[in-house]
Amino acid sequence: MAEETLHMRTDVIVVGAGPVGLMLAGELRLGGAAVTVYDRLPAPTGESRALGFNRRAAESLDQRGLLARLGDFRWGPMGHFGGVRFDLGMLDEDHSGVLGLSQARTEEMLDGWATGLGVPIRGGYEVTGFRETPDGVAVTFDGPRGPGEDAARYLVGCDGAGSIVRESAGIQTSGREASRGMYTAEITGVAPRPRPIGERLPGGSMVVCTPVGDGRYRIVVHDKGLPPRPDPGALTFTQVADAWQRLTGESVHQARALWTWACGNADGLAAEYRRGRILLAGDAAHEIPPLAAWGLSAGLQDAANLGWKLAATVDGWAPDGLLDTYHAERHPVGRQLIRDARAASMLYLGDDDMDPIREVMRELAARKDAAGHLAGIVSGLGIRYDMGPGDHPLLGRRMPPHHELTGPDGIRTRVADLLHSARGLLITGDEETARLAQGWTDRIDIITTPPPGPGLDTVLVRPDGYVAWTSPGGDQPITRALGRWFGASRATVTATARPAPHPLHHQRR
Ligand SMILES: Cc1cc2nc3c(=O)[nH]c(=O)nc-3n(C[C@H](O)[C@H](O)[C@H](O)COP(=O)(O)OP(=O)(O)OC[C@H]3O[C@@H](n4cnc5c(N)ncnc54)[C@H](O)[C@@H]3O)c2cc1C
């Protein structure tokens, strides 16, 4: 029997309760939007593709107080690019990432966070398409009780590489067809020799073996001989073990496989991250082969970038063009992600002809400036968005979340802790700047203490943690920067308005 049409009162429908959809749902809720998540799986599978994520993804979670919810994990170096190692220790800033953390645990945490914020997650509902309505989008699905429809003002496809949302919207992707396959299995009962960053083998093949705790190992086989479009569902563990033995000479056939996974090395980038009321994030927007730990990391940052902008749009305070900055900022990052993944893939999986390039790369990577550049790619800390005129080195970059502010009472607070509510942040030691910003205190918090960093007297930080204005260094008035990112001033600022007296207290409406 067909399920009744559910005209739910929701602002945003997110398709996909993977890590990106869940993160986005939480971000939207923090911004005040009503959101419903649909996923075709009745419940999470517990399978884990990612085993960690990069520094900037970790910081994005930290800004919402979510790192502490992940329990035990370790920070690790992630100091290689396509197998070419570089020394993170010589850099001035910590670029290490989160290692040894299963994607299932990350998803479980995000699920708990989003659900706790009041997000309904409808498991067992496969979205089949959508149509645009005069004031929104009607989404069709196959649910446990048959087909149905739900309506929202916006629809976001976080539904992975084969995105039905992207396909139904007619958004094209550009990229490469798969030319080779890759097999993965998580096994227990044997202890293969660890090769955590991969062991290249003659002729352009590679094997990886990562211990994941509790006597379990993740083994990965990249072999030119594997079919480019393997069917993940049809893969047997015997096929993985055969391929492993062919390349390493070692048998793991007696192991117990917890799960197996097959994929090709295709990549693809959606031409538009936004088309009207339809948006894409995560693997639905950019697909890369799982060679480097970049896919999940990039997707979490998409969610952090999009969440507050879409919530502001739904709430009605978004300035003109704010939502379009999602594509303007994240699409170039996606393009670079694909380029970098191809470069890393050539270094990793190219045959012996690549050796001279590898040697040159190794020489370069020994230099601090080159290592810093590579670390910026791998960690995500190299990202710089266009925030308009200004020449301060922090402008457009993320505000270091571990930097601390000290109030006159001596209390120290990390920048990350001031961003938990996903509001903008004006940190200023200048009374006049704080006074001028009073018209935005329903959207930003004003902290009246000088920001950390030599010579800075003000920074304006967006809810996603990126610096939108600095003084000195900002070539436009603070009011223009506030208007550009946070919309119109609520009220005319009067000469008598004064910032609240306590320097580290948030000022809210
Ligand atoms: C073997 C492997 C190892 C990896 N390791 C790492 C790593 O170490 N670090 C890293 O950063 N990245 C890694 N990645 C990449 C990472 O797993 C992905 O980038 C990440 O899962 C993308 O998250 P997502 O939420 O965008 O999509 P997904 O995780 O694919 O989630 C999409 C969700 O949408 C649902 N869905 C799909 N279609 C529909 C529909 N029509 N209706 C309703 N629901 C639907 C699916 O059920 C799913 O729950 C790895 C990938 C693989 C394959």
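This is a predicted model: local features need pLDDT of at least 70, side-chain atom pairs count only at pLDDT 80 or more; totals for chains, interfaces and linings use all residues.
The protein chain is divided into three parts: domain 1 (6-176 + 268-379), domain 2 (181-265) and domain 3 (385-509). Domain 1 is written as two stretches of sequence, 6-176 and 268-379. Between the centres of domain 2 and domain 3, taken over C-alpha atoms, the distance is 49 Å.

Leaving aside neighbours within four places in sequence, Leu-24 is in contact with Val-14, Val-156, Cys-158, Ala-281, Ala-303, Leu-306 and Gly-307. Leu-24 is also one of the buried residues of helix 1.

Helix 1 is mostly covered, with 11 of its 12 residues buried. The buried residues are Pro-19, Val-20, Gly-21, Leu-22, Met-23, Leu-24, Ala-25, Gly-26, Glu-27, Leu-28 and Arg-29. The length of helix 1 can be checked: at 1.5 Å a residue its 12 residues should span 16 Å, and its end C-alpha atoms are 17 Å apart, which agrees. Just after helix 1 comes Gly-32, with a positive phi of about 95°.

Helix 1 leads on to the ligand. There are 35 residues around the ligand, and those that come nearest are Gly-16, Gly-18, Gly-160, Gly-282 and Gly-295. The elements that give two or more residues to this shell are helix 1 (19-30), strand 2 (35-39), strand 3 (52-53), strand 9 (126-133), strand 17 (256-264) and helix 6 (295-315). Helix 6 gives the most, with 4 residues. By kind, the shell holds 18 nonpolar, 11 polar and 6 charged residues. At least three residues of the shell come from each of domain 1 (6-176 + 268-379) and domain 2 (181-265).

Gly-46 counts as partly exposed because it has 13 C-beta neighbours inside 10 Å. Gly-46 and Leu-66 are 20 residues apart in sequence, and their C-alpha atoms are 20 Å apart in space.

Within helix 9, the buried residues are Ala-371, Leu-374, Ala-375, Ile-377, Val-378 and Ser-379. They pack against helix 2 (55-62), strand 5 (80-81), strand 7 (97-99), helix 7 (324-349) and helix 8 (355-365). Gly-380 follows helix 9, and its phi is positive, near 80°.

Positive phi values also occur in residues other than glycine. One of them is Asp-214, with phi near 55°. Asp-214 lies in the loop between strand 15 (205-213) and strand 16 (216-223). Asp-214 counts as exposed because it has 6 C-beta neighbours inside 10 Å. Another is Ala-422, with phi near 60°. Ala-422 is placed in the loop between helix 10 (415-418) and strand 24 (424-428). Is Ala-422 buried or exposed? Ala-422 is buried, because 22 other C-beta atoms lie within 10 Å.

A cis peptide bond joins Ser-471 and Pro-472, with omega about -5°. Pro-472 is found in the loop between strand 27 (467-471) and helix 12 (478-486). Because Pro-472 has 12 C-beta neighbours inside 10 Å, it counts as exposed. Pro-227 is 245 residues from Pro-472 along the chain, and the C-alpha atoms of the two are separated by 57 Å.

How values were computed. Residues are numbered from 1 along each chain as its sequence is written. A residue is near a molecule or strand if its C-beta atom, placed from the backbone, lies within 6 Å of it. Ala, Val, Leu, Ile, Met, Phe, Trp, Tyr, Cys and Pro count as nonpolar, Asp, Glu, Lys and Arg as charged, and the others, Gly among them, as polar. Domain bounds come from an automatic or database domain assignment. A residue is buried if 20 or more other C-beta atoms lie within 10 Å of its own, exposed if 12 or fewer, and partly exposed in between; C-beta atoms are placed from the backbone. Two residues are in contact if their C-beta atoms, placed from the backbone, lie within 7 Å. The expected span of a helix is 1.5 Å times one less than its number of residues.
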